[in-house]
Amino acid sequence: MTHDHPTDSGTPDLREVPLSALEHYAYCHRQTALIHVEGVWTENVETVRGDLSHTTVDLPGIQRRRGLTTIRSLPVWSHTHGLRGICDVVEFEKNTATPVEYKVGRYKPGGPAELQLGGQALCLLEAGFDVPTGYIYSVAERRRHPVPIDHDLLERVIAATTAVRRLLHTPTLPTARNDARCRRCSLREDCLPELTDGQRQTPPDLLTPRPLGQWRD
């Protein structure tokens with residue numbers, strides 16, 4: 001999990017992008033705008049589980065053991081790309097840094113969490129460390145999953161950062177996905193995906209009961 005602190009970037013005209021917004025953007029553009037533009041946030045069972053799973057790593061601290069230094073809740077930033085956030089855990093061994101991102105659910109290869117992890121790696125690289133690998137720790141599985149920090153991932157991070165920054169300057173919200181990912185989204189009642197997916201040609205009848213799930217899977 002990455003918490004974010006608004007502050008001025010080293011590039012005067014470059015609006016900062018929170019690292020957490022990279023994962024939100026990879027999951028849903030509308031969710032990103034609701035959270036980071038409109039300031040909307042609603043808790044549900046999934047977000048509470050996520051908060052509880054981060055109880056330990058959200059507490060700042062440092063541990064040294066046999067040449068390995070582990071720092072919890074480490075602030076990182078990239079002046080070059082206008083990124084800022086806090087890493088759950090970073091392990092340092094000599095000049096090598098290994099970020100570890102905690103996620104409550106099961107690991108999905110190539111999923112949105114990898115983009116957030118790649119953003120952390122980009123910040124650590126700019127700080128002068130070697131970052132060959134990062135890890136997604138799945139609380140549900142109780143294990144780490146290695147993620148290579150390669151050129152492709154970093155290019156995806158940079159492209160997503162540019163897209164999120166553009167979204168932050170856009171006055172209108174993107175259309176909703178209205179698919180399976182909406183089912184467990186805590187912002188479902190704020191988003192109203194059935195009404196905002198851009199598929200309706202006529203004004204909706206708000207007084208007629210509708211089935212709970214009309215999804216385009």
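Helices (H or I, at least four residues) and strands (E, at least two) are DSSP runs, numbered from the N terminus. Color by those and you'll find seven helices and seven strands, running β-α-α-α-β-β-β-β-α-β-β-α-α-α.

Before clicking around: this is a predicted model, where local features need pLDDT of at least 70, side-chain atom pairs count only at pLDDT 80 or more, and totals for chains, interfaces and linings use all residues. Residues are numbered from 1 along each chain as its sequence is written, and side-chain values use heavy atoms, with hydrogens and water left out.

Start by selecting Glu16 and Arg84. They form a salt bridge (a side-chain nitrogen of Lys or Arg within 4 Å of a carboxyl oxygen of Asp or Glu), with the closest N and O atoms 3.1 Å apart. Glu16 sits in the segment before strand 1 (17–18) and Arg84 in strand 4 (residues 83–93), so the pair ties together parts 68 residues apart in sequence. Both are buried, meaning under 20% relative accessible area, with exposed over 50% and partly exposed in between (1.4 Å probe, protein chains only).

Stay on strand 4 and pick Glu91, which meets Arg144 of strand 7 (residues 143–148) in a salt bridge at 2.6 Å, N to O. Glu91 is buried at 15%; Arg144 is partly exposed at 34%.

Next, select Glu23, Glu101 and Lys103, a salt-bridge network. Glu101 has 0% relative accessibility.

Last stop: Arg165 in helix 5 (residues 151–168).
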